[in-house]
Amino acid sequence: MKCFSLILMIPFMALSQDIRQSESYANGRVVYEDFCKLCHMTNGKGVPKAFPPLANSDYLEDIKATVKSIKYGLSGPIVVNGVKYNSVMAPMGLDDQEVADVANYILNTWGNSYEELITRQMVQKLTAK
Amino acid sequence: MLVLCFACAQNDTSIQTPSEVDYNLDLIVTDLELPWGIAMLPDHSLLITEKSGLLIHFKEGNKTEIGGLPKTYVRGQGGLMGIAVHPDFTNNQRIYFTQSSSIASDDDGGNTALYSATLEGNQLIEVRLLYKAQPNTRVGRHFGSRIVFDNEGYLYFTVGDRGKRDVYPQDLNLDGGKVYRLHDDGRIPEDNPFAGVSGAKKAIYSYGHRNPQGIARHPETGAIWTHEHGPLGGDEINIIHAGANYGWPVITYGKNYSGTTITKETSRTGMEQPLYYWIPSIAPSGMAFVNSNFYPEWKGNLLVGSLKFEYLERIIIKNNKVVYREKVAADIGRVRDVIVGSDGYIYLAVEGKGIFKVVPKS
């Protein structure tokens, strides 16, 4: 019985380092390189005044907002780590699996950690209009 | 001595920011998301492409969406992009545009497509696909997509390397990393440089490009000029010659985004040197020569938008050398396109803001 509950728990207790071993994370890295890196930079620090950081970014604490912005883009003023940004991120045209993959990459790189693997189904739920 | 030589490789043309300017920047079109391209019709109204796939006609203060566009494959940097007006629009009402598109290929993804269409009221009719770069790919970057006509009526457009620098730019049998030349009806000119080369894509006019997103016709020489995004450093200005190889990625003044070396070679026999290169990269987008009398001090200067540093760059060129660079509209935002309209005014498309008109004070 104890064993059974442990197995049940595992999906909810994935460690950030396990996520970094996942296929989704690896695919997310490819998506990041292609679609995100140019503005948010390889180190996730963004560009001062223009593009907000993803590394140690308080914006990412809101998972729904994070996933939505990856899927639909973002424009208008936002505040990240106390700094105002007002740029446009056009929709990237990613499918839900790619959104999940790159979310896993962003949420578990540069010291970020989020102990739940984002799935395609979660993206669908979080971004339902 | 050696140090001196390096320093002289390119003149010091650090960009200047004037303390006072004698123009106003009037925001004339608001509420645009990501205006990618602008073109002016003979009645001085504007056509504006939104990357998301909308074509907007701005006339007498009103925005109208133009119908009849083919479906845009919006992905990464791709969308509805370049726009140009036929030199004889008054008689044929024809326009040209580029978009990323998933048509004409069984592969998943998209690539750059060039269309012509007739503008009838608020509708495009006689929409014709003139060229579709192959293959489709889900890679989201480097679509090129600028369009211009030369004085003989040939149409030029660009396609970027689609994120595969070691595959496309140096291979004449493949699309990508090229400047193309067509007749205005899409036919391939018989004297195109590779028209007689077996297996080559006959529409190619020049190759070895990375991602050209600026193209302009020189007002005096009529030559076609482009600029292109380099990687980390190494954005270039080039004058386009038939059949020429601009070297990407065999030679470059840029590095990988990570800072690692792509190649140590910056020149090679048989490959063109850029007229100018930017280090650091400014992320150039949009290109126009000043040819009107509204800006007498700027006549003949080259204008280039900077996405990265959020200004318009005014460049003085003497004997094909850049001798002076200055910020126009410093800190205005990400300048995606610049034109000098048929009304003589300079217009800028700025991401998230709209279209600005540069109006001299005096």
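Okay, let's start with helix H5 of chain A, and with who is buried in there: A:Glu98, A:Val99, A:Ala100, A:Asp101, A:Val102, A:Ala103, A:Asn104, A:Tyr105, A:Ile106 and A:Leu107. One thing to keep in mind throughout is that this is a predicted model. Ten of the twelve residues of H5(A) are buried, so this helix is largely enclosed by the rest of the structure. And what does the covering? Helices H2 (16-20), H3, H4 (63-72) and H6 (120-127) of chain A are included in what covers those buried residues. As for its length, H5(A) reaches 16 Å from its first C-alpha to its last, close to the 16 Å expected at 1.5 Å a residue.

Now look at one of those neighbours, H3(A). How do H3(A) and H5(A) pack, and at what angle? The angle is about 95°, and the axes are 7 Å apart. The two helices are therefore roughly perpendicular to each other, since anything from 65 to 115 degrees counts that way. On the H3(A) side, the residues making the contact include A:Tyr25, A:Val31 and A:Cys36, and on the H5(A) side they include A:Ala100, A:Val102 and A:Ile106. Sorted by class, that contact has eight nonpolar, four polar and three charged residues.

Let's zoom out to chain A. You'll find six helices and four strands in it, and along the sequence they follow the pattern α-α-α-α-β-β-β-β-α-α. Of its 129 residues, 33% count as buried. Here's a number I like: take the contacts in chain A between residues at least 6 apart in sequence, and 59% of them join residues at least 24 apart.

Not everything is tucked away, though. Is A:Val79 buried or exposed? A:Val79 is in strand E2 (residues 78-80) of chain A, and with 11 other C-beta atoms within 10 Å it is exposed, as the cut-off for that is 12 or fewer. Then there's A:Met41, in the loop between H3 and H4 of chain A. A:Met41 has a positive phi of about 70° although it is not a glycine, and with 17 other C-beta atoms within 10 Å it is partly exposed.

Next, where the chains meet. Eleven residues of chain A are in contact with 15 residues of chain B. Which helix gives the most to chain A's side? That's H3 (residues 23-40) again, with three residues. By class, chain A's side has five nonpolar, four polar and two charged residues.

Over to chain B, and the largest nonpolar core. That core has 84 residues, and B:Ile38, B:Tyr180 and B:Leu348 touch the most other members. There's also a second, separate core of 20 residues, which includes A:Ile19, A:Phe35, A:Val67 and A:Leu94. Back to B:Tyr180: leaving aside neighbours within four places in sequence, its contacts include B:Tyr131, B:Phe157 and B:Ile204.

A cis peptide bond joins B:Trp248 and B:Pro249, with omega about -5°, and B:Pro249 sits in the loop between strands E16 (235-239) and E17 (276-278). Another cis bond joins B:Ile279 and B:Pro280, with omega about 0°; B:Pro280 is in the loop between E17 and strand E18 (284-289). And B:Asn320, in the loop between strands E20 (311-318) and E21 (321-328), has a positive phi of about 60° although it is not a glycine. B:Asn320 counts as exposed, with 9 C-beta neighbours inside 10 Å.

Note on methods. Residues numbered from 1 in each chain as written. Chains lettered and ligands numbered in written order. Predicted model: local features only at pLDDT ≥ 70, side-chain atom pairs only at ≥ 80, totals over all residues. Core = buried A, V, L, I, M, F, W, Y, C linked by C-beta atoms within 7 Å. Contact = placed C-beta atoms within 7 Å. Nonpolar A, V, L, I, M, F, W, Y, C, P; charged D, E, K, R; others polar. Axes fitted to C-alpha atoms, helices over the stretch in contact; angles between N-to-C directions. Parallel < 35°, antiparallel > 145°, perpendicular 65-115°, else oblique. Expected span 1.5 Å × (residues − 1).
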